[in-house]
Amino acid sequence: MDSGLTLEGSSEERAKGWEPKITAFVCNWCTYAGADLAGTSRLRYRPQVRVIKLPCTGRIDPLFILKAFERGSDGVLVSGCHPGDCHYTSGNYHARRRFGTFRKLLEFLGIDLRRVQFSWVSAAEGAKWAQVVDEVTQKIWELGPFEGYRRISD
Amino acid sequence: MSQPLQDKARELLEKKEVAQVIGYGEGTRAGRARPIFITSPQEASQLIWTLACVNNLAVYLTRKETRVPGRVGIVAKGCDVRALFVLIQEKQIRREELFIIGLSCPGVLSKKAMAEGKQELTEETKADKCKICLVHTPVEYDFLVGEKVDSPEPPSDPYEKIKELESRSPEERWEYWQEELSRCIKCYACRQACPLCYCNRCITEKSIPQWIEKSPHARGNLAWNLMRAFHLTGRCIGCGECERACPMEIPLMLLNQKMAKEVKEQFGYVAGMDFRAEPALATFDPKDHEDFIR
């Protein structure tokens, strides 16, 4: 059930019933558990996100984000434990610095940063997970297919 | 300026304070210099210090083909010493293993100026990196060739071109970089010239699975140049060797300088100025900004 959807632009893909592909790189201990809670709570949210579980956001190599775009993702979400709550103590702190700089590099190369989103979602925040997914998916619906990467993948 | 350099090198080798001196010698063509590796006092007379001494010799410290056991005397300009510092920070070499023969440097000739046979150092012939250099006298050295000089205020904003690109729209930036990176032939000269690209096995070598394509193709070109810039984030010291080595004249320094600017603005860190400091992306502050995280 998609309420409040707006479809802009008139690309061919949209006309053929395009749906966004969003890859979410999430940490096992917080966000993945939070997403699981969203599931057990039977919360309804947009189904276009594909979840990839990693032990910690500190394990997420920025290269994964590029790879997701290369493989056809229109958006990427990276989510992990709140600062101070990392299962490995400081993985998310390293990730914070890493992504704080990496996203500026992406921006400099002309990639729309609205396609790369970050969040802290704890194991108890099932509702937040659903909300984050809904918001990110809505944003990617509006932005449309990632034309830039489609073109360079020919 | 070559005499004090030769004398010092000769003395170091005679007294066996170092096993090898890495410095510059006459190039194969007039007006050029090239790296030389000397191990005997007699060879010290081959050392030169001219406007053509552009190479960053720190790159040879991590190559097993050029590293001999024992202490190394290395001839280093201000930018080169910064590279040495990052290598020390990253435990690739110990400070005690180096005898830094620092060079008080007014600047070196640009690639274009040397190709045109220019021999005078002017604002036009100077390498771009020298125009914004803050280390005309190296930050640290064991012996200095020349007099200590202060670095002049850069005549123009070092980030001028970067700010111009930042002011364009994302679509314009995408087109700009697709155009520039379309010339990339994946020769990896940038990687080979960089003193800080010393990984025994570069991520692009990995083929099972393949993370970064090796073929000269838009998608892989973007991945390669972007990831190399990212792997140098907080580490690149702006020697410009990558851009000089690039046969396709891709403005690699724009990417590296942009990231250096980000690291400075976000964490107040400048690479290669203090080898006892923690590298910016190897550490963290619990109070780091997270305005981009919901």
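Chain A holds six helices and four strands, where helices (H or I, at least four residues) and strands (E, at least two) are DSSP runs numbered from the N terminus. This is a predicted model, in which local features need pLDDT of at least 70, side-chain atom pairs count only at pLDDT 80 or more, and totals for chains, interfaces and linings use all residues. Residues are numbered from 1 along each chain as its sequence is written, while chains are lettered from A and ligands numbered from 1 in the order in which they are written.

**View 1. Chain A as a whole.** Read from the N terminus, the elements of chain A follow the order α-β-α-β-α-β-α-β-α-α. The radius of gyration of chain A is 15 Å, close to the 15 Å that the globule rule gives for 154 residues, so chain A is as compact as a globular protein of that length. Here the radius is taken over C-alpha atoms, and the rule is 2.2 Å times the number of residues to the power 0.38. Along the principal axes, the C-alpha atoms of chain A fill a box of roughly 45 × 35 × 20 Å. Buried residues make up 49% of the 154 in chain A; a residue is buried if 20 or more other C-beta atoms lie within 10 Å of its own, exposed if 12 or fewer, and partly exposed in between, with C-beta atoms placed from the backbone.

**View 2. The open sheet of chain A.** Four strands of chain A line up in the order 2-1-3-4 as an open sheet with parallel pairing; strands pair if DSSP finds at least two bridges between them. Strand 2 and strand 4 (116-120) of chain A stand at the edges, each with a single partner strand, so one side of each has no neighbour in the sheet. From one strand to the next, the twist averages 20°. Strand 3 (residues 75-80) and strand 4 of chain A are joined in parallel by five bridges, and A:S79 has A:S119 as its bridge partner in strand 4 of chain A.

View 3. Strand 1 (residues 22-27) and strand 2 (residues 49-54) of chain A run parallel and share six bridges. A:C27 sits opposite A:L54 of strand 2 of chain A.

View 4. Helix 4 (residues 91-108) of chain A has 18 residues and spans 26 Å from first C-alpha to last, close to the 26 Å expected at 1.5 Å a residue; the expected span is 1.5 Å times one less than the number of residues. Of those 18 residues, 15 are buried. After helix 4 of chain A comes A:G110, with a positive phi near 95°. Across the interface, 29 residues of chain A are in contact with 30 residues of chain B, contact meaning C-beta atoms, placed from the backbone, within 7 Å. Helix 4 of chain A gives the most to the side of chain A that touches chain B, with 12 residues.

**View 5. B:K214 in its loop.** Look for B:K214 in the loop between helix 7 (189-193) and helix 8 (218-231) of chain B. B:K214 counts as partly exposed because it has 13 C-beta neighbours inside 10 Å. Leaving aside residues up to four places away in sequence, B:K214 touches B:K186, B:T204 and B:G220. B:T204 is 10 residues from B:K214 along the chain, with 6.8 Å between their C-alpha atoms.

Technical notes:
Axes are lines fitted to C-alpha atoms, for helices over the stretch in contact, and angles run from 0 to 180 degrees between N-to-C directions. Two residues are in contact if their C-beta atoms, placed from the backbone, lie within 7 Å.
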